[in-house]
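I opened the model to look up how its nonpolar residues group together and how some of its strands pair. My entries follow in the order in which I checked things.

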Amino acid sequence: MGGQLGSTDKQFNCESLKVQSLHRMVKREGKNSLRLLPLHLAMEGFLSMFFNGPSIAWREYSKQAFASGLSPRFEQTISGREIAQLDDALRLFEIHDRQVGVLLFVGERLASAFIVPTPDDYRALHTSLLEDFYCETLYYHGLYSGSAIQLKTTIDENTVNNLTDLQQALVKMRQEWAAFQSFMAEDLLVRSIDAQRVYTAGAFTLQRFITDLSRSSHNYIGEAITDDRDRLQYLKIYGLTTSQSKRAYLLQQLASHGWNLERAANSQGDTLDELIFRMEKAGFGYLVNNQLREKAHKNRREQQKFR
């Protein structure tokens, strides 16, 4: 139940000691209510991918790898509240009638997607975008990217002679704009995903997912609720950073090849030494035994001498 340090002649009241229990990511609060922490559910699933490390005692791995696997594994991210004046900008965003969601782009990159069942839900939760994890994308885009392209569309007044022409032009403009948004979000909309069902409550299913990991496209994790007719009732996503994608892709390749380093290296067209350097750069160097790591560094030093 707990413990304290003190002199041996002092008595402690153990009844006063308490254990703080941590809530599960998904918990039923009542007959018709379910509690979940937005994006934390998806992040938990992301961290649990390939969490156990090698299941075969390959001699290339360290004792720590077999003793504790990848534990503890963690990722860092930044809340939108850390961006100065972002709350003011969000307050000024126009909320449209019947709006039930938003696609948030940072430059040309889809940074966040948020969908809820009704317009009232969206109005109530609009400011929750400040809690999302796209802050790092916004920060680095502001530092290293140029000016964002101007997104606007117009109607050719020469084609409008009456209200019917104007209505048709508006329909065409909206269709073109919708197609353009789909094109901008294709890293999410046209990707295969690996989904895991987390909870089922009546006609509704809660699942978390990750897009197929790619080194040439942006990758996303997220969570969604669908009904018994596969209609989307809730969606929230998080765009993985480049470094997070690289770490996840590396772990995926290792796991898919049974954590055999040579097979994983050959599948990527790398040498064993190059794979070891990639693992070190990704923060997984501790998985490889010291003898193999020292050999890789020695080989690199010798190669540099002959250049």
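Entry 1, the largest core. In this predicted model I looked up the largest nonpolar core, which holds 20 residues, and found that the members touching the most other members are L254, L261, L275, M279, F284 and L287.

Setting aside the neighbours within four places in sequence, I listed the residues in contact with L254 as Y61, W259, N260, L261, A264, L275 and M279. Of these contacts, L261, L275 and M279 had already come up in my first entry, where they stand with L254 among the core members that touch the most others.

I turned to β5 (residues 193–201) and β6 (residues 204–211), which pair in the antiparallel sense over eight bridges, and I looked up I193, whose bridge partner in β6 is T211. The hairpin of these two strands has two residues between them, and in it G202 takes a positive phi near 65°.

How many bridges join β6 to β7 (residues 220–226)? I counted six, with the two strands running antiparallel, and I noted that Q207 stands opposite A224 in β7.

How values were computed:
Residues are numbered from 1 along each chain as its sequence is written. This is a predicted model: local features need pLDDT of at least 70, side-chain atom pairs count only at pLDDT 80 or more; totals for chains, interfaces and linings use all residues. Side-chain values use heavy atoms; hydrogens and water are left out. A nonpolar core is a set of buried Ala, Val, Leu, Ile, Met, Phe, Trp, Tyr and Cys residues joined through side-chain atoms within 4.5 Å. Buried means under 20% relative accessible area, exposed over 50%, partly exposed in between (1.4 Å probe, protein chains only). Contact means heavy atoms within 4.5 Å. Two strands pair if DSSP finds at least two bridges between them. Helices (H or I, at least four residues) and strands (E, at least two) are DSSP runs, numbered from the N terminus.
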